[in-house]
Amino acid sequence: MKKLLFPFILLLALVISACSNESSGKVDTTTKKEEQPKTITYQSETGPIEVPANPKRVILLSGFTGNVIDLGVNIVGVDVWSKNNPTFKDELKDVEEVSDENLEKIIELEPDLIIGLSNIKNLDKLKEIAPTVTYTWGKVDYLTQHLEIGKLLNKEKEAQAWIDDFKSRAQTAGEEIRAKIGEDATVSVLEAYDKDLYVFGDNWARGTEILYQAMNLKMPEKVKEMALKSGYYTISAEVLPEYAGDYVILSKYADADSSFQETETYKNIPAVKNKRVFELNGNGASFSDPVTLENQLEFFKKSFLGN
């Protein structure tokens, strides 16, 4: 009798154990879902800050708009420069324009996260409205900045994936361009804004990060001397030939004074005579986010390579 009972008892124990494990598994799954954090701790420049793990209503007070757009996070308010940027026209058509001085408007938009530069006004008051994270312009390079935005928005993997892919594509384009124009050919980035002319180093937007860092194109010695350290340098039309490389990228605002282009000094610059001046829309060129960079990369490929 004992021999008959033992297999039955053993089978019963196994069934009970299996049911228990199955039930336990269901509880664990539910628990995991319930334990999804509502906030994360972001290590900002000013210290750790609690921010939404999945922000739904982001306000941008000074740039970084294209970074947030690229990462697919909803934006409810942006600064005037972003709002008027033609690059973001479609993405921001229903987004409100805001400023760090119009706190009432920001309150109305009910943000769950505010992002801006470290020099924004009313920072203490903004922090009372929603978690507010600021960055110092130029403290990190353009790719690291995107990664930081990715960490802030809990999308670090997505940010890193774009960075790796973009670096690879820009490097390949740079190799093709150097093969066509020559390893020693120089490229200048100039801008006509209002009545002033500027020349830029390798980290001041206008495509400089792509051309000089990612593509490894050469900068004229005079530009290197005057603009590399400071980021940009103001010049006069009379000295343009000293700063013009074999190729020139001209960032140009529609309402800028372009009379310098009618002078003999300008017309006699080799890059001008050889039709190696590529005009870039100045309005929007001062950004260095993924959306802008993608557009600029295509512009450079088309300008230098014809594709």
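1. Contact here means heavy atoms within 4.5 Å. Helices (H or I, at least four residues) and strands (E, at least two) are DSSP runs, numbered from the N terminus. The model is predicted: local features need pLDDT of at least 70, side-chain atom pairs count only at pLDDT 80 or more, and totals for chains, interfaces and linings use all residues. Residues are numbered from 1 along each chain as its sequence is written, and side-chain values use heavy atoms, with hydrogens and water left out.

2. In H7, Trp162, Phe166, Arg169, Ala170, Ala173, Glu176, Ile177, Lys180 and Ile181 meet residues of H13, among them Pro290, Leu293, Glu294 and Phe304. The residues of this contact divide into 12 nonpolar, no polar and 5 charged (Ala, Val, Leu, Ile, Met, Phe, Trp, Tyr, Cys and Pro count as nonpolar, Asp, Glu, Lys and Arg as charged, and the others, Gly among them, as polar).

3. The axes of H7 (residues 156–181) and H13 (residues 290–305) come within 10 Å and cross at roughly 20°. Axes are lines fitted to C-alpha atoms, for helices over the stretch in contact, and angles run from 0 to 180 degrees between N-to-C directions. The two helices are therefore roughly parallel to each other (angles under 35 degrees).

4. An open sheet of 5 strands has the order S5-S4-S3-S6-S7, with parallel pairing; two strands pair if DSSP finds at least two bridges between them. Its edge strands are S5 (96–97) and S7 (132–135), each pairing on one side only.

5. Strand S3 (residues 58–60) runs parallel to S6 (residues 113–117), joined by 3 bridges. Val58 stands opposite Leu113 in S6. Helix H6 (residues 142–152) packs on the sheet and touches S6 and S7, its direction making about 170° with that of S7.

Note on methods: Parallel < 35°, antiparallel > 145°, perpendicular 65-115°, else oblique.
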